[in-house]
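Please find below a colleague's note on the structure under review.

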Amino acid sequence: MPWFKRTKKGIQTATEDKKDVPKGLWYKSPTGKIVDSAELEKNFYVSPEDGYHVRIGSSEYFEILFDDNKFKELDKNLTSKDSLNFVDKKKYTDRLVEAEEKTGLKDAIRTAVGKSMGKDLVVACMDFSFIGGSMGSVVGEKIVRAAAYSLEKKIPLLIISKSGGARMMESALSLMQLAKTSVKLAQLSEAGIPYISLCTDPTTGGTTASFAMLGDINIGEPGALIGFAGPRVVRDTTGKELPEGFQTSEFLLEHGFLDFITHRRDLKRKINLYLDLVLNRPLREKVEKTA
């Protein structure tokens with residue numbers, strides 16, 4: 001089964017055709033709005049005319065969240081191994097090499113620590129461009145290590161989910177990451193260290209079934225697809241037509257799965273406002289320009 005496939009009016013977009021950041025001088029949003037790529041970048045990669053949040057990766061989120069884009073990356077050279085000698089149309093090892101060459105990433109997540117509005121914050125951000133943001137052993141291990149760093153240093157943790165689910169090439173090893181990450185996040189909760197979950201487009205599969213819905217506060221970006229199985233699978237399984245907007249962040253907010261939805265330009269301010277409130281700190285009003 002594909003990592004992520006959204007079907008609408010008979011049109012299917014393959015994973016490899018879904019771009020993280022638009023290339024070229026112009027970008028066309030799904031609603032047909034044309035925007036200059038430079039203007040899009042200045043607007044936090046959100047189409048100014050229709051508010052469409054373009055899919056971005058860890059580099060862009062780090063730039064938005066960390067003061068002056070300064071941070072220390074954690075476990076940056078951790079890479080996946082082919083413990084099962086998995087082969088489908090090609091070897092898993094070949095897929096890993098191709099993904100690294102194409103994206104410049106070591107795996108589907110990066111973790112870092114830095115100042116956000118003057119206070120320390122640990123951020124773990126998934127990258128959909130690396131094998132569909134699939135969750136394998138490295139993703140689970142880096143989340144656990146980031147949480148352990150938060151626990152040791154008593155620093156809040158933010159996880160930004162953007163994933164098609166568990167990585168099938170690692171089979172049960174991938175599924176083990178659901179329990180592994182959940183246990184570590186429970187330790188953060190017991191220690192009273194805040195964990196914020198941000199669900200972006202798409203947040204599906206094992207990611208949704210584990211750490212993405214375990215935040216002390218769960219946030220979504222506007223219009224993001226969030227769910228365990230995709231709409232097509234749910235429709236085929238239940239044999240019923242789905243409500244309009246099913247599995248969008250707005251639908252989940254209405255049904256109590258999210259605490260709030262935030263525009264990307266407000267993300268840094270709202271995350272730090274929540275942290276000040278929950279940690280009983282003086283409110284920080286000044287928002288430094290980050291993009």
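1. Confidence in the model. This is a predicted model. The protein chain has an average pLDDT of 89, and 90% of its residues score at least 70. Residues 1-18 form a stretch where the pLDDT is below 50, although the model gives this stretch 32 contacts beyond near neighbours in sequence. Residues 287-291 likewise stay under 50 in pLDDT, with twelve contacts beyond four places in sequence. Where pLDDT is low, the predicted coordinates should not be read in detail.

2. The largest nonpolar core. This core comprises 29 residues, and the members that touch the most others are Val122, Leu157, Ile159 and Phe211. Two or more residues each come from α3 (92-103), β6 (109-116), β7 (119-126), α4 (137-153), β8 and α5. The greatest contribution is that of α4, which supplies five residues.

3. Beyond four places in sequence, valine 122 touches Leu74, Ala112, Val113, Ala146, Tyr149, Ser150, Ile155, Pro156, Leu157 and Leu158. Another core of 26 residues lies apart from the largest one; Phe62, Ala112, Val123 and Leu275 are among its members.

4. Serine 161. This residue belongs to strand β8, which spans residues 157-163. Serine 161 has a relative accessible area of 0% and is therefore buried. Its contacts outside four places in sequence are Met126, Leu198, Cys199, Thr200, Pro202, Thr203, Thr207, Phe211 and Ala212. One of these partners, Phe211, is also named among the residues that touch the most other members of the largest core.

5. Lysine 184. Is this lysine buried or exposed? Lysine 184 counts as buried because its relative accessible area is 18%, and the cut-off for burial is under 20%. Lysine 184 sits in helix α5, which covers residues 171-191. Beyond four places in sequence, lysine 184 is in contact with Val144, Ala147 and Ala148. Alanine 147 is 37 residues away along the chain, yet the C-alpha atoms of lysine 184 and alanine 147 are separated by 6.6 Å.

6. Cysteines. How many disulfides does the model contain? The count is zero, the rule being a pair of cysteine sulfur atoms within 2.5 Å. Cysteine 125 is buried because its relative accessibility is 0%. Cysteine 199, with a relative accessible area of 0%, is therefore buried; Cys199 is also one of the contacts of serine 161.

Note on methods
Residues are numbered from 1 along each chain as its sequence is written. This is a predicted model: local features need pLDDT of at least 70, side-chain atom pairs count only at pLDDT 80 or more; totals for chains, interfaces and linings use all residues. Side-chain values use heavy atoms; hydrogens and water are left out. pLDDT is the predictor's confidence in each residue, from 0 to 100. Contact means heavy atoms within 4.5 Å. Helices (H or I, at least four residues) and strands (E, at least two) are DSSP runs, numbered from the N terminus. Buried means under 20% relative accessible area, exposed over 50%, partly exposed in between (1.4 Å probe, protein chains only). A nonpolar core is a set of buried Ala, Val, Leu, Ile, Met, Phe, Trp, Tyr and Cys residues joined through side-chain atoms within 4.5 Å.
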